[in-house]
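Visitor: I would like to walk through this model, one question at a time. Could you show me the sequence and the fold?

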Amino acid sequence: KELSIAYSFKTDTDTEVVLAAYQVWGIDFVNRLKGMFAIAIVDFNLNQLFLIRDRFGIKPLYYGFYDNQLVFASELKAIIQANVFPKELDKSAVADFFVYRYVPSPKTIWKGINKLAPANYLKVDLKTHDSELTEYWSLKASNQQPSLEKLSADTNQLLLDSVKQHIRSDVPIGSFLSGGYDSSALVLWMTELGLKPNTFSIGFDNWVKSEDQYAKIVADHLGVPNDATIASNSSIDLVDKMAWVYDEPIADISIVPTYLVSELARKKVKAVLSGEGADELFGGYTWQHDFFQQTYNTSLLQKLKNILRPADPVHYYALSMAMGWFDYVELKQLLHEEYHSSIPEDVHWFYRKHFRSDLTPMKSIQHMDIKCFMGELVLTKIDRASMGNSLEVRVPFLDHQLFEQIFSIDEKVYLSKNQTKKVLFENIKTKLPKTILNRKKQGFVGPDAYYMNIEYYRKELKDSNLVKFKVINKSYLDNLLLESYNWKLWKIVIMEKWFSYWIAD
């Protein structure tokens, strides 16, 4: 509506809105956008190209300069298919993968190809190929202290508005449903807006904590249909396909379940809502809760401990994220000596890059979650798994105005030692079954037995291409395979599958 004063629209497409906004406001138009986007705009009048990625990294964007050419795409496989870049591994990215479970921005697994980081745009001179990177958005923080009632009411309104925006569509919108707070709240708000969405869940064979049973409770309570798919031991064989789906090695343990539930949803709908972002925002992760407990524990003993050994948020965060700890020494044992010079001296450089000393220690943990865990792992997982099934996933919690609101509040208002995701809980506590409200926080995972079948690792790594091509050391791998439980093996098998698909074959 605002643009219509200066521009005459010919279509109803979002793409024309983007171009009109650029024409009227220039590159500053990015500050007026909401939601998910990856945009390329060529301005032949200025001889400039802009590559722009959304604030949180919901959508991907890759680029690289090589032999006087610029190539960019939303998938690495498209750039590889262009046959412009030599298929050469970035050895430092291989080392990073074993630390983080993903390859952190701006690196990719391929030498010379970059990820555009979230909340950034790249300006490229089309004649000289000179480029300039700009971060156009970052979270500001303050310590306002509204009442919990006011904060809850304001948050509820922002989220209801966000859901309303996210269900705009020419086709029916469904929702993932796990039976946790986040997805249950989304389905609740959809029903309050007059929808009866199809919902989709995943469970695991012979697992008492299987999510599908809780999802059914919520679906029945809200009167919406629910379809579930059940993962079996053989589902893990889909790991082979994930090398193609994800383009890069990514060792989140829910890559297969996410793919399966996306496959299920696509049989009935073209788009779904999903609850990514709620844990980062409202303090839903166990490591956030534990850090909050330590930081604000008022006992004399804990106060003394905090004085004698102040918490190092980066070290704490690295330990929480590890799922198979690799430090500098361990990486030298794992990786072939040809990779040793590429191991960063500070293996936690990416966490340190996104640690902000201007924030309180608790908010610094949340900020690393937003930039590292969510921006690089969680959103990558959901985007590739869904798009690999031609399914669009929309994420209403990732409203940047909502994040700005929460970060402006003193964390003692919106976090609690006793209640996970306190602000969200306040808005659903009278509207969902007690079984769901009292349910202990559970990540989107399966039983450990599903991932820790040592015979699976022995079989898959028996004739390892990583060993054959001198990426990892056989002696180190053999020692790991003598153990019955080690998350390092999951990272290694993910890299093995990726390497075998993209390089060895």
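Guide: Here are some questions and answers on sheets, a helix, a loop and a surface patch. This is a predicted model, so local features need pLDDT of at least 70 and side-chain atom pairs count only at pLDDT 80 or more, while totals for chains, interfaces and linings use all residues. Residues are numbered from 1 along each chain as its sequence is written, and side-chain values use heavy atoms, with hydrogens and water left out.

Visitor: What is the order of the open sheet of 4 strands?
Guide: Strands are DSSP runs of E with at least two residues, and helices are runs of H or I with at least four, numbered from the N terminus. Two strands pair if DSSP finds at least two bridges between them. Here the pairing is antiparallel, and the order is β1-β2-β6-β7.

Visitor: Which strands are at the edge of that sheet?
Guide: An edge strand here pairs on one side only. That applies to β1 (38-43) and β7.

Visitor: Which residue is the bridge partner of Leu49 in β6?
Guide: Strand β2 (residues 48-53) runs antiparallel to β6, and 5 bridges join them. Leu51 stands opposite Leu122 in β6. For Leu49, the bridge partner is Val124.

Visitor: Which residue takes a positive phi in the hairpin of β6 and β7?
Guide: β6 and β7 pair in the antiparallel sense over 5 bridges. Tyr121, for one, stands opposite Thr134 in β7. The hairpin has 5 residues between the strands, and the one with a positive phi near 65° is His129.

Visitor: Is Leu126 buried, partly exposed or exposed?
Guide: Leu126 is found in the loop between β6 (120-125) and β7 (131-135). Buried means under 20% relative accessible area, exposed means over 50%, and partly exposed lies in between (1.4 Å probe, protein chains only). Leu126 has 32% relative accessibility, so the label is partly exposed.

Visitor: How much accessible area does the nonpolar patch with Leu126 have?
Guide: Val42 and Phe44 form this surface patch together with Leu126. Accessible areas come from the Shrake-Rupley method with a 1.4 Å probe, and for residues only the protein chains shown count as cover. Together the three have about 290 Å².

Visitor: Which residue in β4 stands opposite Tyr63?
Guide: Strand β3 (residues 62-66) is joined to β4 by 5 bridges, and the two run antiparallel. Opposite Tyr63 stands Phe72.

Visitor: Which helices do the buried residues of α3 pack against?
Guide: Helix α3 (residues 91-100) is mostly covered, with 9 of its 10 residues buried. Among them are Val94, Phe97 and Tyr100. Their packing partners are α13 (328-334), α14 (349-353) and α24 (488-504).

Visitor: Which residues is Asp399 in contact with, leaving aside its neighbours within four places in sequence?
Guide: Asp399 is found in the loop between β12 (392-394) and α16 (400-407). At 3% relative accessibility, Asp399 counts as buried. Contact means heavy atoms within 4.5 Å. The residues in contact are Lys34, Phe56, Ser162 and Gln165.

Notes:
Patches are made of residues with over 30% relative accessible area and no salt bridge: like charges are joined within 9 Å, nonpolar side chains (Val, Leu, Ile, Met, Phe, Trp, Tyr) within 5 Å. A salt bridge is a side-chain nitrogen of Lys or Arg within 4 Å of a carboxyl oxygen of Asp or Glu.
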